[in-house]
Structure formats: structure tokens, C-alpha cells
Amino acid sequence: MSASPNDSRTKPEGGATAATLTEEEASRYDRQMRLWGIEAQQRMRNATILVVRLRGVATEAIKNMVLAGIGKLIILDGEEVSEQDLGAGFFFRDEDVGKKRLDVAKPRIESLNPLVTVETIARRVPADSPEFETIIQNVDLVCVTDEARDTLIGINNLCRKYGKPFYSGGTYGIFGYIFCDLLDHEYLVPDRSVSKDQPKTVKATVKYAPLQVALTHKWSGLTRKQTKALNPGLAFSILALWQFQSAHNNILPSNPEQATVLETIANELISSTDVNKQVLSKVPQNLVETLATTAEHEFSPVCAILGGMLGQDILKALGGREPPIANFFVFDGNTGSGTVCRMSMA
């Protein structure tokens, strides 16, 4: 992004060039800066975010991040617009079917906020390629949506190698999830040692776990009430779906017969991870049947909820003023509610 006459630049500790807010940006973001402060807005302004895959969840997350005023958005997606994309992807139109997703979406994303730089890579770049590794090195945060478990683990490990915060999210019919690995993340919390009449904040640090480690999480030590509050049936159903994908060439389950396989996997996971048996001895059959028969489909309301939460949590992580998700969120479209499971975190 080129500098404007009102754009002063400083050198942060890492040596990269950071830009302060221009007068135009300060005016556009005035209301939100009153909410989370100038420093938080400045960090967003200087952030380069990579989003991998442009489907329904990513669409909503991108909208939120661009409107909030991140510095640069890079989107990687080599696929073409399909008829299925029209339901949850509001950057697409009927006449776009068959065209590259990013070719048609880029100008519409830019129109949301002309102050944000939008770059697109409208071709397939394998996650295990040197080119993808180079892309990771040159961004500040990575967000991968609607990808299979093994791919997520590989990208998360690559992000760890270069010290990049990692988010992933996706929907499976009326269900969905968000996972994040923010490394050693700092944020502000109220200082309870001072008077309420003189509010003050101090920095807190929380240590996140990579996805590969989070998947080994044991559910022991939780009371019956605590376990029930985490909606473990859905969490294990999604983890089972990931395992099913890994064993079936990344194909999602799509019929009642595959629901039986999914149920078996989920029950094996429950048995091996010390879940409170008074709460959950086996996954609810109707839950895995619904998941298996709808997982391939995107529902606009579910994408809007998950994508909205994903985008806002990324902004929260960038701003450093509130605690982000820690670290695995599951959403249940049957009830319209979600829960956060703290998996393998210190």
C-alpha cells in the first residue's frame, strides 16, 4: 500500500515497516476505535491476513475483517464458482458460475473498504509446497476454512515453524467449529489489585496448543456438570468426521450407511479419552446421522454465525484487548448455541 501525505511510518521491534493511521482511516474507524482503542486499531491496520479457501464461512469472516480495517488481505483459492456456492457466498452471482472464485470476488471485497489492500492467488498452491511456505512467511496470521484435518495439521505446523498465529473454521450442514492456535498470546485483563474507582489493565499470557496436540486431549478431571456444559457429543462427532475424512481420501460422509461408520469412530474416541461416562458413554445416534447426511452442504445462516465469530475472534486476537477463543469452539444448529472446549492447553 502506497503512503499518503498524512501517512507517517515507524519501525517496530521486528524491523518491518509499520504504518500509522491516516486521517481518512481515523475518520472511517472512529466509532470502533472508541470501542477497542487506537493501539488495537493500529495493530489491525498493520496486519496482513492470509485466508485459504473462499466458501461461506470465509466470506463472512472476510467481510468483518475488511470492514474493521485490516491492512492487507491475501486470499488463496484456485476453484471455480459452483451453483452450490451461490447459497452461502454473497460475493457470487448466478452469472459467475464457472468463473474463478477470486476473479469475481476480488472487486466486491475491495468495494467493502477501499482502504484495505486485497491480493488474490487464484490457482491451486499445495499446502506442502515451497511456494505455500513462502506465502506463510510473509503474512501475520493464517486462517484456513473448510479444509480436512490432515491439511489443517500440516498448515498449523508450518505456522508454528514461522511463529504465525493460526485459525481454522468450517461448517458441516447445521454444525460447525472454530479452532485456533495463537502460540503464546498476550492480551489485557482488568487489574483486580487496584480500586474499582481507578480501573487499570495488565497483560496476561495464555499458551495455546497446536491442533496435532489438541487432538490428544483427555477429558478426565471434569465434573459431570462441567462435562455436560461442553456438549461433548458434538465435539466428538466433529472429531470423528475428521478421522473419517482422513481414512477416506478427504471425502465427507453423505449417507446413513456412512453414519454408522462415523458413529463407531466417535464412540471409540469417547472410550479412549476419559470422558465422564455419566454424561456421555456413546455419541447420540440422531446427531451423527444428521451430521453424516448434511455435512456436504452449506447453510447460509450457519455460515453467517460461524464466519462472523471467526472474523471477530481474529480481530480480537490482533487487537490484544480481550481473550480470544481457547481453543476449540463447536456450534450446534439444532439449538443455536455453541461451546468452547479447552483442549490440551496449559
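Tutor: Let us begin with the word domain: the domain bounds used here come from an automatic or database domain assignment. That assignment gives domain 1 (24-209 + 299-341) and domain 2 (212-295), and the centres of domain 1 and domain 2, taken over C-alpha atoms, are separated by 26 Å. This is a predicted model, in which local features need pLDDT of at least 70 and side-chain atom pairs count only at pLDDT 80 or more, while totals for chains, interfaces and linings use all residues. Residues are numbered from 1 along each chain as its sequence is written, and side-chain values use heavy atoms, with hydrogens and water left out.

Student: What makes up the contact between domain 1 and domain 2?

Tutor: Contact means heavy atoms within 4.5 Å, and the contact takes 24 residues from domain 1 and 24 residues from domain 2. Buried area is the accessible area (1.4 Å probe) that two parts lose on being put together, summed over both; for these two domains it is about 1900 Å², with 71% of it on carbon and sulfur atoms. On the side of domain 1, R149, Y172 and F175 lose the most area to domain 2, together 35% of what that side buries.

Student: How many salt bridges are counted between domain 1 and domain 2?

Tutor: A salt bridge is a side-chain nitrogen of Lys or Arg within 4 Å of a carboxyl oxygen of Asp or Glu, and the count between domain 1 and domain 2 is zero.

Student: Which label does R149 receive, buried or exposed?

Tutor: R149 has a relative accessible area of 18%, and therefore R149 is buried. D150, by contrast, counts as partly exposed because its relative accessibility is 36%.

Student: How do you know that D150 forms a salt bridge with R149?

Tutor: The closest N and O atoms of D150 and R149 are 3.1 Å apart, which is to be set against the limit of 4 Å, and the pair forms a salt bridge.

Student: What makes R108 and D96 a salt bridge?

Tutor: The closest N and O atoms of R108 and D96 are 2.7 Å apart, and the pair forms a salt bridge. This pair links distant parts of the chain, with R108 in helix α6 (residues 101-112) and D96 in the loop between α5 (85-88) and α6, twelve residues apart. D96 counts as buried because its relative accessibility is 2%, whereas R108, at 24%, counts as partly exposed.

Student: Where do K106 and E110 lie?

Tutor: Both K106 and E110 lie in helix α6, four residues apart, about one turn of the helix. They form a salt bridge, with the closest N and O atoms 2.7 Å apart.

Notes: Helix = DSSP H or I, 4+ residues; strand = E, 2+ residues; numbered from the N terminus. Buried < 20%, exposed > 50% of the residue type's maximum accessible area, 1.4 Å probe, protein only.
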